[in-house]
Structures are given as C-alpha cells and as structure tokens.
Amino acid sequence: MSEFRNLSHMLDTVTKAYKRKDALYFEGKRISYRELNEQANKAANALASMGISKGDRVAMMLPNIPEFVYCFFGVQKIGAVAVPFNSMYKGREITFILNDSQSKALITLSNFANLINEIREDVPSLEHVILTGQRTLVYVTPEATLNLQIVCGKSKFSSPEEAFRKIGEIFVDVLQSYGVDAWYKHRGGVRVKGKKIATILVSEIENLLTVNVVLFLAHLDTRDLFKVVWVTPEIKDKVLEPSTSVEEETGTRPDTGEFTDALMKVLKNRLDIEIEPGSMKRDELFGYEKVLSLAVK
Amino acid sequence: MKRNEQTWRLLVNTKGQAVDLYAYPSALIEGRLAGKYMLSKEKLPDTVVVQSFTGKGILAGADVEIDASAAKNLQMQTAKIPRSGRGGPKAVGTYDYADLIKQASKKFTPAEPELDDPAVLLYTSGTTGNPKGVMLTHRNFISQTELVDAIMPMYSKDTIILVLPLFHVYGLSNGLVCGTRNGCTMSLIPQYSPAKLLDTISSSSATLLIAVPSMYMHLLQLARARQTKIPKSLRLCVSGGAPLPVNTLNEFIELFDTQIAEGYGLTETTSAVSLNKTGEQFKAGSIGPSSPGIEMKVVDDSFQEVPDNTEGEIIISGGVVTPGYWNNREATEEMIRDQWLLTGDLGYRDSEGFFFITDRKKDIIVRGGFNISPREIEDVLAEHPAVEESAMVAVTDKRGRETMKAFVVLKEGKQTDASELLQLCRELLAEYKIPKVIEFREILPKSATGKILRKELRDEQGSDQRLILKEAPNE
C-alpha cells in the first residue's frame, strides 16, 4: 500500500531527504532531522541494552519535550510498542495501565520519581524506570511546610528500600505521638487514610544517599502557586494529590521547635545514632554560597 | 553486637527559603565529596537538616516555567535548579536518561516490524470501568499520513505547533507522525498557556496549528487584547476534540488571517477521518465529508444503513481503524463489527455527503421514557448572552429520583441567574427537557482535548449510572 514499511522506515526515509532541515524547535533550540534520527537511534540502543525487544511494551509518561520524540521513534526502531499516557495521571490509573499493558520499562520525568516509587511494588512487570527532564517543583509556605534532609553514606542503610522504610516509619511514629493516624505507604509516601501528609524522596550520588522529606504541618494553600505556575483551570485539582496536615487532622498546628525535638528523638532511637547540633564547615559554606548565587538570579 | 557510636550533625534553619531545599544538600554533598577525596583529612559527619520557612517559595527544575513578575507581586521567592549535567543526584532504583544516552551508539539497525504489528497502545477511558488500550498499528499511522496528504497536505517548509499532548491520538498522529512524515519543523510546547502558545506561533513563524476549541478561544481573547501583535503566519489551523463555536471560528480566521478546518476522529481511528474546512466547501456545524480511503455510514440499531438526513449511529471503516483493544476481546467485539467501527456518535449525512454529529449515544438522558439530548439543551443555554458554556447531566436527587441538572459557566464580567436561564429554556424547549436545577461553576471538568467530562459531573452528584443507555468509549 505504501512507500513505508513501518514508522521506523518512515523516519529513516525522511531523514535521508531532509538531513539538515530543522525537525524540532524547542525552547529556542533547533534540532535537525539528522540529530533527531541519531537521538532516536541512541534511545533504541539504550532500550535494547536493557533487554527491551520487538513486541515489548514501553510506557511513556512525558510532556511534549524532545525526549518524547526520541523515545517514541527509538521504541519504533526496536519494533517495540509505545504506551504513551497522560502525565497528569495519578497512582491508581498509572498502576492499571502499566499492569494491563505489562510494560517492561517506563520513561518519565524525574519529578514523578516519587509517584512511581510508591506504586512500583504493585507493578511487577515493570523492570526499568528511566527518568528525564528537570521539572522538580516544590512549593513551601511558612505556615504549612517543614522540611527534613539527610545526607549520609550509603552504608548507613542496607538498601535504598530500607532508607525509605526507616524514614517513613520514623515519621509515622512522630505523627502518631501527635495523634495523627498516619501510615507508611511503600516507598516514599506517608499518608492519613488516602491523603498525603509527607513525601519522602531518596536520591543517590556516588557513595552518598540524600533523603528529602516535606511534611505538612498545616493546610497548604496553593492559590498563589497557581498564579505563578500556569496550569489549565480544568486540571488544577488533578495536578495536586489530595493532602492533609497535622493541623487538619488534630485541630492544632504543632510548634516547629517542639516537633523538631520529637523528630530528632525518634530519629536517634530508630537509627541508633547520636545527633548533636553543629554548623556548616568552610567547604560547605563556600558550596552553599555558590549554589545560592546560581539558583536565585 | 557492635554498638553504634556514630554521631550525626544537626543543622536547624528556622529562616529557610525555598532555595535552601536545594542549596543545603548540594553544599553538604560537595563538602563531603571534596572533603573525602581532596581538601581536608577531616571526615565530615552525616548530617540532618531541619528547615522551616520565612516566606512562600518555589523551588523549580530548569524545565519549569515560572511567571517571574507574578511571583514578585505575591512576594514569592523563586529558585531555579540549574540544568545539571551527568553525575547529579538521582532517585534510587532508576536510570538517568542522559547517562544512558551518553553511552549509547548513534547507529542502530532497526528491527523492521510488520505493517500490522502494533506500534502504540493508547488508553482511553470509557463511561464506566477501566481504561482500554487501543492498539494502533504501523499501518494505522501510515494510513493516517496518507489521509492527511489527501485532505490537508503538509510540506517540509511548514512549521507545525505541537501544543496538544503527544500522549493523545490527535497530537501524536496528526502532529508528530504526520509532521515527521512530511519533513515539517515541529515546534514543541511542553506546558500550555495561552501566552506561551501565542508567543511560540510568533517566534517560530508557525504555518500550521492543531489545537482544541478552548485553545482557540484563549488565543482569541489574548489577540483581542493585544491587537497589533497578532501573528499572521498560520496558513491552516485544525480544531478537533469538541465542536468549535461558529462565532469563535469566524472571528479567529479574520483576526489571524487564516483558515480553520474542523476535524473529526477517534483514538480508534488513529485520529481524523473527516475534515470540514472554511472556504467554499464549508458547512457550519458539519464534520465534513468522509476522507479518501475512509468509508463512513449512518446505521440504525439493527445495523442497517439509514437514508440521508436520518439520524443514526456513525460507523467507520478503513486503514486507520484499530484492530482492537489490547487483551480485551469482549470490548473489541462490541466496538468492531465486520471491519466497521461503531463510534457511539449519533448523527446524519446530508444529501451532499457531509456528516453532522448530533450527540453521543452514551450521553442521552432518559426521562419519563423520553430520550433527551443534552446538547439540545446546552445549545439553548448558549443562546443567552452571559453563558460561556454549559453541561447537562442526569443526576439523582435526594429522594432518589432522576432529574436533570445544568452546570453553567458564565462569560467573564457577565451575570445572570437561574430563573432567567430557566425562562429561556421554557420559551424554547418542551417541558420535559427543562433542567430542574441550574448550578453556576467557574469551570467545567474537561479532557485533555477540551471535551466536557460529563461523567465527572455525574460522579460528583452520586448519580445513577443506569441513566446511561449504552457504554461507549470517549475521546
């Protein structure tokens, strides 16, 4: 019927005809058909090296960024099946789609790492999670949020899994002492019934582990956030997971200092460590100033 | 057992700002890595940082767009995480795309799948139950590119705006696949906002736009306000996903000096099967004639073709039609009969072969034995000058009786009340079609393509799903 044998053949043919022509225009950058095709080949090689082959399903939860295009055609070059789905989907919908399609790999944005972590146990067929893009978005307010960060050697925990679980249990302990009926959900979520009260993200760099926890002490008012980050009105409520806070659950917002003390006490016991107040070292202060100046221009 | 004698360091920052969420751990990591390998012999302790904040703040990755002036007005601190190269922190148990790509070769010998092998699964949500994976084959996509060649040719000199999500059939098939097939330049917009869309049209001198009605409405509002800075480069715009109001269409083609084609299609047909283009052949309210390579018919409940100008269900056959749903034979058999796809859309064909959609089968409301089309009532409400849009939904009242409710969104700055709208309905509609309740809303829930999600409105009301006659896929 057609001059093309398949979508992969289509891209190869078009690339031959329009090598130097711009294929993509993205945030002021221009990407030629030759580059697009090379990037798609790279994506295909990367996926193939992970054991993705003809007929396998590869889920894609990405906005319109060049990586979507590279991965889409990369998947076609392998003869695998792309499963693109709405990047606004929540845990239950994602779990259903990944299980129904039996996707072997998922390519998504780095800021969805937490969302995927939480459901990973429920999607046994998913072997690989590939993260791209730099779309982290954290919103803090003086009333609502408290943040805990840990930087430690990897050897402190037997596995990243254990880091998630231990930190999760520590927060559950502290919250329960405040009368909040919290429970730890697999990898990263502390919840009260279905609602999120704290988010845990564990990252690694070389031999270090970093743990980042955002906890809601009081209701997080997001009205101002949406005046600054534009989201279509129809999907505003879908962007946010249902959340709750200590104040909403107990009627009182805990004192930050007291809460910190309670948290440290549990942290010491559970991790079997001593914690002493300290300050940043010279190297660190230097690094801090440098990062600060780069981030707030 | 060995007693653990580690001492961790605690840093408490009660005057934290959003940027500290990023700056602290970065500094600690840098200090530790440097301390360990290079600068000092002193081993830095493991560290806990607790922070509370003095102001509202956003910490955003390099790819997040922030309205800096709005942030300033709201006294909200914003901090950007600079684009990191290889080797930054990454979430555990995952691969970093940039790392993988860096190691991969730029040559690949393709696997050459067959034309009828599936290329994509696209999940669509039905009225009830779980989403279904629509299988689209290489043949389906290539057939769609041929169809587009025939009805709205695209050229390598075109720049097409890809603002519609690529996870949806419309953006994926008509945008990415057709754009690539014709060697177009594709301008990607990852996060839609009306201003971003208008600016991208200008900055990339776009010639093609495929979008949904709400985007055309937004563009129009912006263009009216800006007047002088309206880009005139668009040679053709395609609207789909939901009907585009005729006055929007007319004003748009005038202000942007362009043409608009309204397309009709489903996920199950790899997007478009028909197109109604402004110009000599245009018919207001129609979805156009069927495209070359596509057969479209209108049939009655016993699957017999009905005469022209008679309402029935629209069915479609052709190379773009899906072979079925992934691992779901039951749903496939319900939707595809003898190579014909049952769309679930009600409509008719006029004597010149133009098709018109009158309603969705599943949206029909049954009241006292009468079938009521929500669209008929919505069209009446739309005649009121203050009404922007509305959605009619069957709900169950407190006493468990079926009743009809209209959700109404008013135009900005305009006002009316329920009694005035009900009066309008009484003037124009049969008694049994008049809504019992009118509720004013700021917005209506919509799908990615701007289709009103009646199901969500019904669900909010705890309504009875039995009011729905037949289940059919949406989008």
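1. Helices here are DSSP runs of H or I with at least four residues, strands are DSSP runs of E with at least two, and both are numbered from the N terminus. Helix α5 (residues 169-181) of chain B is mostly covered, since 13 of its 13 residues are buried, where buried stands for 20 or more other C-beta atoms within 10 Å of the residue's own, exposed for 12 or fewer, and partly exposed for anything in between, with C-beta atoms placed from the backbone. After α5(B) comes Gly183(B), which has a positive phi near 65°.

2. Please keep in mind that this is a predicted model, in which local features need pLDDT of at least 70 and side-chain atom pairs count only at pLDDT 80 or more, while totals for chains, interfaces and linings use all residues. Residues are numbered from 1 along each chain as its sequence is written, and chains are lettered from A and ligands numbered from 1 in the order in which they are written.

3. The two chains meet through 119 residues of chain A and 119 residues of chain B, a contact being a pair of residues whose C-beta atoms, placed from the backbone, lie within 7 Å. On the side of chain A that touches chain B, strand β8 (residues 145-153) gives the most, with 9 residues. By class, that side of chain A has 65 nonpolar, 31 polar and 23 charged residues; Ala, Val, Leu, Ile, Met, Phe, Trp, Tyr, Cys and Pro count as nonpolar, Asp, Glu, Lys and Arg as charged, and the others, Gly among them, as polar.

4. Strands also pair across the chains, and pairing requires that DSSP finds at least two bridges between two strands. Strand β6 (residues 128-132) of chain A runs parallel to strand β6 (residues 95-96) of chain B over 2 bridges, and Ile130(A) has Tyr95(B) as its bridge partner.

5. An open sheet of 3 strands, with mixed pairing, has the order β7(A)-β3(B)-β4(B). Because β7 (137-140) of chain A and β4 (77-80) of chain B stand at the edges with a single partner strand each, one side of each is left without a neighbour in the sheet. Within chain B, strand β3 (residues 57-60) and β4(B) pair in the parallel sense over 4 bridges, with Leu59(B) opposite Ala79(B).

6. Ile443(B) lies in the loop between β26 (437-441) and α12 (454-460) of chain B, and Ile443(B) is partly exposed because 15 other C-beta atoms lie within 10 Å. From C-alpha to C-alpha, Ile443(B) and Glu388(B) are 9.9 Å apart in space, although 55 residues apart in sequence.
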